[in-house]
Amino acid sequence: MTTLESISTPKVTRQFLLPSLYAGNARSVMERGVLATASTNWLIVVSGFFEPVFYLLAMGIGLGSFIGNVELPGGQSVPYAAYIAPALLAVAAMNGAIFDSTWNVFFKMNFGRIYDGMLATPLGPFDVALGEIMLALARGFVYACGFLTVMQALGLNLSWSAILALPSVLLIAFAFASFGMGITSYMKTFQQMDWINFILLPMFLLSATFFPISVYPQALQWIIQAMPLWHGVELVRGFTTGMMDSATIWHVLYFAVMIVLGLTLTTRRLKALFLK
Amino acid sequence: MCLVQLWNKCALLLIAFIFVPSPSIPVVKATELVKKYKEFSAVDGISFEIASGESFGFLGPNGAGKSTTMRMIGAVSTRTSGELSVVGLDPNNYGPEIRSQLGVVPQSDNLDTELRVRENLIVYGRYFGLGRSFLSSKADELLEFAQLKDKAKERIDDLSGGMKRRLTIARALINDPRILLLDEPTTGLDPQARHILWDRLFRLKEQGTTLILTTHYMDEAEQLCDRLVVIDKGKIMAEGSPASLIRKYSSREVLELRFGSEHNAKVAKKVDGIGERVEVLPDRILIYSENGEATLKQITDLGLNPLTSLVRRSSLEDVFLRLTGRSLIE
């Protein structure tokens, strides 16, 4: 009798961190996401895996055969496919995280009213934010594993350190997801949501994804270097090509700061929206 | 095993110690509660107490401040000023702890449309940190309770309005809440669905669950509430049991007369003084009295021939009309 009762009594352990906004049960939010994805959105998940693979085949292998080698900032020369593959990996991490944290969250906030339901339970805004972000991370991780396998098969992982691309991808996804969710909380219409694409597309094309940023004038280089994707691309590329330098640690730090800011923003916004 | 059981007992006792107030302490206590949105006061200094096991209603028109009050009790809205305690805790600081003791049925259903019927119950239970094996049997039990057993695998969008409402209520019971908050539980339902719902709620009340509900339906308040407050423009207008409110603010019976829209006002002057009180509405005249039939006879004796006449028991609607001077459902 007692055992049954113990699991049938709602369990809330007072959290040390943000006790009124966090019930320590972000996992249940993530579980919900996995279940919902499995039954409704799985096609989007699968397409998210193939997108970078197609880019890699078309641009890296196809176009790359006309381009030959690319010279890295450090002076080393790598095949074009090996140059863009890590960038595509970083982009995939970004896109996966952004999709989960913007469109998915936008729908849940404005149409599904899922968060209203969640926040009527012990869950606080921080549980919801963390749970959704963990879902984005889980997806990013699956993509990254798949894509790294493809890279390995095509011989594009030039160093053992390519394995470190996995945690880097998680870091990148975490940063984008935590920020994306906070920004989405300001969006009210589909038109506003388009602004996210408006920012993502140039970032995707220009952040040393397909060519080194040394082709730009200095001022433009600085702008690109302030953008998160450039840090992501450089971080992952350093690991897959085996050409890490002191900049690696700065890239990691950049994302760490982005995560803290993003989580703070998102939790505040959720609190303002749902616990008003 | 023994140790585990002992530990569970200790944990339970601890929870009981923290959360279960002694009978003298109300489960909800509000003192001069205020909620302002910018300059507008949605709730303007209301005080009330709700005892454990009681069925308590907020009755009032749209925009009276009922839902806002419910949101504050549900620890999803912070008050502007005043005091509020729910299960003995301050909602501003103990949101998760309080919400773990509540079941919430919102005004419009917010079921998870990306999940199936039974999944909705299980996933919701997971938000409360409940165990999977427990939830599996609990979900079946609640589907039975909500008469949705054969709909377990359906999509939410394929359910009727009444079924969705029952599922929402079943979902709110997943954690065996001490307090069930129902915001207009039967709005938009057909009469049959309403009666099924009332029956389910009445059973919960019998089991000792504290029910707190808002409604703008008089019959609902009379059916379900032990005690209620009539609230309008963020303030409490009256408080008491449905019967005592009717006694205090109305008469035993009401005579409704229709003379046709043009004649009502003219006739009203003639019937002045008959019964305890006369209320002239655009479409009819209401005469409050202890004996409606006798009053009707007085009217016909005066030579007045209403197009239709109706003697009925006095209801909360009459109370509301008296208190606010206007019809409740606008």
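Tutor: Of the 276 residues in chain A, 45% are buried, a residue being buried if 20 or more other C-beta atoms, placed from the backbone, lie within 10 Å of its own. The model is a predicted one, in which local features need pLDDT of at least 70 and side-chain atom pairs pLDDT 80 or more, while totals for chains, interfaces and linings use all residues. Residues are numbered from 1 along each chain as its sequence is written, with chains lettered from A and ligands numbered from 1 in the order of writing.

Chain A holds 10 helices and 2 strands, these being DSSP runs of H or I of at least four residues and of E of at least two, numbered from the N terminus. Read from that terminus, the order is α-α-β-β-α-α-α-α-α-α-α-α. The C-alpha trace of chain A spans about 70 × 40 × 35 Å along its principal axes.

One packing in chain A pairs helix α6 (residues 165-184) with helix α9 (residues 228-241), whose axes lie 9 Å apart at an angle of about 170 degrees. That makes α6(A) roughly antiparallel to α9(A), a label for angles over 145 degrees. From α6(A), the residues A:Ala165, A:Ser168, A:Val169, A:Ile172, A:Ala175 and A:Phe176 meet A:Pro228, A:Gly232, A:Leu235, A:Val236, A:Phe239 and A:Thr240 of α9(A). The residues of this contact comprise 9 nonpolar, 3 polar and no charged, where Ala, Val, Leu, Ile, Met, Phe, Trp, Tyr, Cys and Pro count as nonpolar, Asp, Glu, Lys and Arg as charged, and the others, Gly among them, as polar.

The C-alpha trace of chain B spans about 85 × 45 × 40 Å along its principal axes, and among its contacts between residues at least 6 apart in sequence, 69% join residues at least 24 apart.

Key:
A residue is buried if 20 or more other C-beta atoms lie within 10 Å of its own, exposed if 12 or fewer, and partly exposed in between; C-beta atoms are placed from the backbone. Axes are lines fitted to C-alpha atoms, for helices over the stretch in contact, and angles run from 0 to 180 degrees between N-to-C directions. Angles under 35 degrees count as roughly parallel, over 145 as roughly antiparallel, 65 to 115 as roughly perpendicular and the rest as oblique. Two residues are in contact if their C-beta atoms, placed from the backbone, lie within 7 Å.
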